[in-house]
Amino acid sequence: LCLIFTFDIIFIMPIENERKYLLDMSSIDEISTNSITKKQIKQGYLSKSARIRSTNQDNVISYFFTFKKLVDKKLVEIETLISKKDFEKLWTVAKFKIEKTRYLYEKWEIDFFYKKKKLYLAMAEIEMAEDEDEPKTIPKLIKKYIIYNVPRNNVNFCNINLTKKKSKKLYKEFKRWTKLSMNFSKKDQLH
């Protein structure tokens with residue numbers, strides 16, 4: 001079997017510089033109501049660097065092949081459109097698969113991750129200029145649901161790792177920790 005890709009358009013992305021925030025899953029109703037767009041995304045990993053993705057927005061389905069590689073401590077991303085036929089062939093050999101619903105709010109992407117149609121994780125991320133360390137602002141709608149600011153070097157919340165069971169356990173642990181810290185801060189305010 002030989003797969004031949006026909007690349008019509010290649011998107012060369014800038015150096016990736018993003019910040020991620022784990023959100024309380026109860027945010028889904030408010031975020032879905034206030035968002036500009038909604039996309040259904042299916043993503044499969046062919047290797048650590050190569051993935052395929054289908055997006056469905058307003059019943060318009062697109063298929064992509066993306067290659068990401070760390071070069072000189074910076075993540076370089078190259079993306080191209082592929083055919084439905086190529087996507088379907090590659091989907092059968094993808095090692096890890098993920099399904100999520102993505103909402104766009106201002107310039108933020110908010111993803112809700114599903115396994116067997118059951119929501120198990122919510123995360124917001126923002127792409128920033130290469131020289132920025134933190135976002136200039138975090139919208140109130142997102143800020144009020146943040147339960148964890150994911151450190152840059154924490155690979156547990158990279159999409160490929162979110163296909164693994166440990167991400168669900170991490171989410172539950174952060175949720176528990178957040179409730180404990182909120183209880184402590186309430187006690188401090190009373191004294």
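**Strands, a pocket and a helix**

Modeller: Let me start with a turn: in the hairpin of β7 and β8, which has 2 residues between the strands, Glu106 takes a positive phi near 55°. Please keep in mind throughout that this is a predicted model.

Biologist: OK, and how many bridges pair β7 and β8?

Modeller: The two strands pair over 7 bridges in the antiparallel sense, and as one example, Lys100 has Phe113 in β8 as its bridge partner.

Biologist: What about β3 and β7, which way do they run relative to each other, parallel or antiparallel?

Modeller: β3 and β7 run antiparallel and are joined by 9 bridges, with Lys39 having Arg102 in β7 as its bridge partner.

Biologist: Switching topic, how big is the second largest pocket?

Modeller: Its volume is about 380 Å³. The elements giving two or more residues to the lining of this second largest pocket are β3 (37–45), β4 (50–57), β7 (96–105) and β8 (108–115).

Biologist: Which element gives the largest share of that lining?

Modeller: That is β7, which contributes 5 residues to the lining of the second largest pocket.

Biologist: And which residues lie nearest the centre of the second largest pocket?

Modeller: Of the 21 residues that line the second largest pocket, Ile41, Lys42, Ile98, Glu99 and Lys100 lie nearest its centre. Lys100 is also the residue whose bridge partner in β8 is Phe113.

Biologist: What is the make-up of the lining by class?

Modeller: The lining of the second largest pocket has 8 charged, 7 nonpolar and 6 polar residues.

Biologist: Now the helix, please: which residues of α2 are buried?

Modeller: In helix α2, which covers residues 84–91, the buried residues are Asp86, Phe87, Leu90 and Trp91. Seen down the axis of α2, these buried residues fall within an arc of 135°, so they line one face of the helix.

Biologist: What do the buried residues of α2 pack against?

Modeller: They pack against β3, β4, β5 (60–71) and β7, and β3 and β7 are the strands joined by 9 bridges.

Biologist: Last one, stepping back: how many helices and strands does the chain have, and what percentage of its residues count as buried?

Modeller: The chain has 5 helices and 10 strands, and 40% of its 191 residues count as buried. As for contacts in the chain with a separation of 6 or more, 63% of them are accounted for by residues 24 or more positions apart.

Key. Residues are numbered from 1 along each chain as its sequence is written. This is a predicted model: local features need pLDDT of at least 70, side-chain atom pairs count only at pLDDT 80 or more; totals for chains, interfaces and linings use all residues. Side-chain values use heavy atoms; hydrogens and water are left out. On a 1 Å grid over the protein atoms alone, a cavity is a set of points where a 1.4 Å probe fits but cannot get out, and a pocket is an open set with protein on both sides within 12 Å along at least five of seven lines; lining residues have an atom within 4 Å of a point. Grid points are joined across faces, edges and corners, and a volume is the space filled by probe spheres set on the points. Helices (H or I, at least four residues) and strands (E, at least two) are DSSP runs, numbered from the N terminus. Ala, Val, Leu, Ile, Met, Phe, Trp, Tyr, Cys and Pro count as nonpolar, Asp, Glu, Lys and Arg as charged, and the others, Gly among them, as polar. Buried means under 20% relative accessible area, exposed over 50%, partly exposed in between (1.4 Å probe, protein chains only). The arc is that of the directions from the helix axis to the C-beta atoms. Contact means heavy atoms within 4.5 Å. Two strands pair if DSSP finds at least two bridges between them.
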